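The following paragraphs lead through one protein model, beginning with a single pair of residues and widening to the whole chain.

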Amino acid sequence: MDAEQLRENAHRMVDFIADYYKSIESFPVLSQVQPGYLRDLLPDSAPHQPETLQDVLDDVRHKIMPGVTHWQSPDFYAYFPSNSSTAGFLGEMLSAGLNIVGFSWVTSPAATELEVIVLDWLAKILKLPEQFLSSGRGGGVIQGTASEAVLVVLLAARDKALRKFGKNSIERLVVYSSDQTHASLQKACQIAGIYPENYRVLKTSPSTNFALDPNVVCETISQDVAAGFIPFFICATVGTTSSTAVDPLSALGKIAKAKDMWFHVDAAYAGSACICPEYCHYINGVEEADSFNMNTHKWFLTNFDCSALWVKDRSALIQSLSTNPEYLNNKASQENGVVDFKDWQIPLGRRFRSLKLWMVMRLYGVENLQNYIRKHIKLAEYFEELIISDSRFEVAAPRTFSLVCFRLLPLACDQDDGYKLNYNLLDAVNLSGKIFISHTVLSGKYVLRFAVGAPLTEERHVKAAWEVLQDQATILLRGL
Ligand code: PLP
């Protein structure tokens with residue numbers, strides 16, 4: 001790499017990105033292109049001779065940007081947020097600049113040691129029990145995603161059970177979670193070889209605000225034990241994907257402990273809120289958990305990807321995931337005094353992700369991070385009030401954090417309880433390009449999700465979004 005060329009081109013790229021952020025509100029939030037649009041715009045094969053950065057940036061501007069959905073737009077309210085920040089961006093940039101592959105301590109001691117330290121910092125901000133800190137038998141590790149996090153702990157739990165009950169017991173191992181649990185657990189079960197019929201997806205209802213009922217878990221486990229199955233894994237969620245429901249951690253953790261099961265807590269989105277004293281009670285009971293996960297790339301200003309996973313017993317992960325080929329042997333690993341994160345994850349290679357998380361914590365400070373969360377929750381409360389103020393709409397599930405689930409109420413003559421009406425409303429507002437929201441189904445009802453969490457969102461954006469929704473609702477209702 002030519003350092004002077006890097007300096008010149010990187011300056012131009014940073015200018016390009018800074019200009020993008022400056023003009024981000026001018027783009028349709030949801031890309032409006034049709035599938036396959038790019039094939040017609042780009043050549044069939046790579047160029048033989050080098051092109052200029054200017055040529056590439058021109059193509060980015062005219063051919064790539066139309067196919068981009070703008071996750072950092074202040075008008076993005078779909079799914080859950082995926083934050084970026086200057087601090088996160090700078091950390092990501094530094095990580096790309098150093099471009100190390102820190103699978104073992106020796107491959108870049110700072111990468112491993114910084115990761116251990118920043119995850120201890122974050123665990124302390126969240127007031128996680130001491131057993132999750134690196135000073136004991138546990139510790140934290142950065143995974144790419146919450147999906148990888150649940151997979152690695154499921155593998156650790158599976159192998160623990162297989163060691164106890166014998167290899168052939170795999171067909172009897174049973175996993176429990178609610179019907180609101182993220183689909184990543186289902187995928188993890190598929191990969192881990194859990195028999196599909198042994199994944200118990202337990203029904204929730206509006207009566208428990210879509211949280212898992214511990215009595216249902218208890219009853220199902222008893223029936224399974226009586227039938228010769230081996231319950232070995234419970235996954236609870238703090239902030240479910242559809243409606244941000246919070247499962248009762250204490251009760252579920254006690255059940256898991258009584259049955260010697262692994263208890264995993266998925267707080268991928270809402271974990272960030274638990275850095276605030278007024279929201280940290282949502283993870284009361286985490287002391288019963290074997291593992292806890294939070295995506296700092298969702299709502300903690302850390303650029304994608306950065307998923308923080310803590311375990312109480314790191315040896316369980318290492319037993320499942322370690323390999324020791326000769327070509328990776330080194331004195332530090334053999335003398336056993338170092339962490340080799342390759343043994344805590346699926347891939348071998350790993351990026352220096354802790355840099356961006358460290359930068360976020362240092363350049364914001366805990367107080368500003370807490371205020372950032374509070375601001376979004378306040379904006380969600382404001383949106384909820386707007387919904388309540390218009391009798392054509394209803395709030396469709398209790399709002400706990402910064403997600404509002406709502407729908408346009410069906411008319412008396414509506415045959416499908418507002419399904420098509422709300423489907424059409426979603427389509428219309430997203431096609432307008434002015435905002436982007438997503439949907440879910442709760443208790444059979446088609447529900448719209450408005451998730452506040454983009455770093456640039458202000459009250460005026462929420463107000464404008466509400467006007468878009470009202471206008472489109474008026475047009476739809478007029479056409480009925
Ligand atoms: N768990 C919950 C509660 C989620 O909401 C999500 C994604 O939104 C996930 C897990 C999966 O996240 P990831 O994309 O990091 O695998």
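Strands (E, at least two residues) and helices (H or I, at least four) are DSSP runs, numbered from the N terminus. This is a predicted model, in which local features need pLDDT of at least 70 and side-chain atom pairs count only at pLDDT 80 or more, whereas totals for chains, interfaces and linings use all residues. Residues are numbered from 1 along each chain as its sequence is written.

Five of the five residues of E1 (residues 139-143) are buried, so the strand is largely enclosed by the rest of the structure. A residue is buried if 20 or more other C-beta atoms, placed from the backbone, lie within 10 Å of its own, exposed if 12 or fewer do, and partly exposed in between. In a regular strand the side chains alternate between the two faces of the sheet. Both faces of E1 are covered: Gly 139, Val 141 and Gln 143 are buried on one side, and Gly 140 and Ile 142 on the other.

Helix H9 (residues 296-299) contains Lys 298. An unreviewed UniProt entry places the feature "modified residue: N6-(pyridoxal phosphate)lysine" at Lys 298; such annotations may be inferred rather than shown by experiment, and positions are given in the numbering used here, with feature names shortened. Lys 298 counts as buried because it has 26 C-beta neighbours inside 10 Å. Not counting residues up to four places away in sequence, Lys 298 touches Phe 80, Pro 81, Ser 82, Asn 83, Ala 268, Tyr 269 and Ser 272, where contact requires C-beta atoms, placed from the backbone, within 7 Å.

Thr 296 also lies in H9 and is buried, with 28 other C-beta atoms within 10 Å. Leaving aside neighbours within four places in sequence, Thr 296 is in contact with Thr 302, Cys 306, Ala 308 and Leu 357. The C-alpha atoms of Thr 296 and Asn 215 are separated by 32 Å.

As a whole, the chain has 15 helices and 11 strands. Buried residues make up 44% of its 480 residues. Among contacts between residues at least 6 apart in sequence, 74% join residues at least 24 apart. The C-alpha atoms fill a box of roughly 65 × 65 × 45 Å, taken along the principal axes.

Definitions and conventions:
Contact = placed C-beta atoms within 7 Å.
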